[in-house]
Amino acid sequence: MRALVLGGGGVTGIAWELGVLAGLRDHGVDLTTADLIVGTSAGAYVGALVATGVDLPTAVADAARIEVELSPRIDVTLLAQGFAVLTDRSLSPEQARARLGALARRAPVGDPGEHVGRFTQNLPVREWPTRPRLVVTAVDTSDGKLVAWDATAAVPLAEAVAASCAVPGVFPPVPVGGTGHFMDGGVRSVTNADLAAGADAVVVLAPTVGVFRASPRQELARLGAARTVLLAPDDAARAAIGSNVLDPGRRGPALAAGAAQAATLAPEVARVWDESP
């Protein structure tokens, strides 16, 4: 089994990931043939596109037009409190995420229905795929626990992707399936690569590495005998992405940088991907 893990990173992360995927395919390495796709935050959106068979060139063209509507009522004090919670070493990871979830539910950042609506509009296919298996991650705001939805979960795909992209304090937590409110899966891990356990080959795209969350490299190290490779932006891509992952003006440069970087990534990725049974 081959697994593609797509991490979080805002609108620039979406663009960079699509650029890398398109560029790798141009160089003979097609990661869209994965048996399992794990998507977190931006990677949940890209994963939904790939898993539902959306034409990759079309997805690349659409990436340059992705819009993010930020609430004018974002509370910087709440954001600072969230930062403090994540750096509080007296709390377990789940406790910290639960406290962050409580802050996220209080944040005056708009209607979750509008947030979900943007994903409903921007996902060409809104039904869960059965093959490849798509896993979308989020975090329960009430207890800080990770949830991993797939086609068996009986929740709408657009709601799952919107929840995975609900950055606390920036976008509203999303009610999903009547079981609670959920926030960005990247709160737990920027990639959640450990969900690829059991795969023979694992390729991880990580537009950002995170600061206070689980390390993608540590997650990959726990996958045992699987062949793995972690792809992250190089110097040129980091410069193209810039410091604000929600900056729409950086979409085109991030996309181009991902496509260009793929040329250097292709040989290593092919060794992992093409040897898989």
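Start by selecting Pro248 and Arg251: a polar atom of the Arg251 side chain sits 2.6 Å from the backbone oxygen of Pro248. Bear in mind as you click around that this is a predicted model.

Stay on Arg251 and show the cartoon, and you'll find the residue in helix H10, which covers residues 251–273. Is Arg251 buried or exposed? With the cut-off for buried at under 20% relative accessible area, Arg251 counts as buried because its relative accessibility is 11%.

Next, the aromatic rings. How many aromatic pairs are there? The count comes to two, taking ring centres within 6.5 Å as a pair.

For one of them, select Tyr45 and Phe119. Their ring centres are 6.2 Å apart and the planes meet at 70°, so this pair is edge-to-face; the angle needed for that label is over 60 degrees. Now colour by secondary structure: Tyr45 belongs to helix H2 (residues 42–51) and Phe119 to helix H6 (residues 112–122), so the pair ties together parts 74 residues apart in sequence.

Then jump to Trp149 and Phe182. This aromatic pair is edge-to-face too, with 5.1 Å from centre to centre and 75° between the planes. Here you're looking at strands: Trp149 is in S4 (residues 146–149) and Phe182 in S6 (residues 181–184), so the pair links parts that are 33 residues apart in sequence. Leave the surface on for this last stop, as both Trp149 and Phe182 are buried.

How values were computed
Residues numbered from 1 in each chain as written. Predicted model: local features only at pLDDT ≥ 70, side-chain atom pairs only at ≥ 80, totals over all residues. Heavy atoms only, no water. Helix = DSSP H or I, 4+ residues; strand = E, 2+ residues; numbered from the N terminus. Buried < 20%, exposed > 50% of the residue type's maximum accessible area, 1.4 Å probe, protein only. Polar contact = N/O pair within 3.5 Å; in protein donor to acceptor, adjacent residues only side chain to side chain. Phe/Tyr/Trp six-rings, centres within 6.5 Å; stacked < 30°, edge-to-face > 60°.
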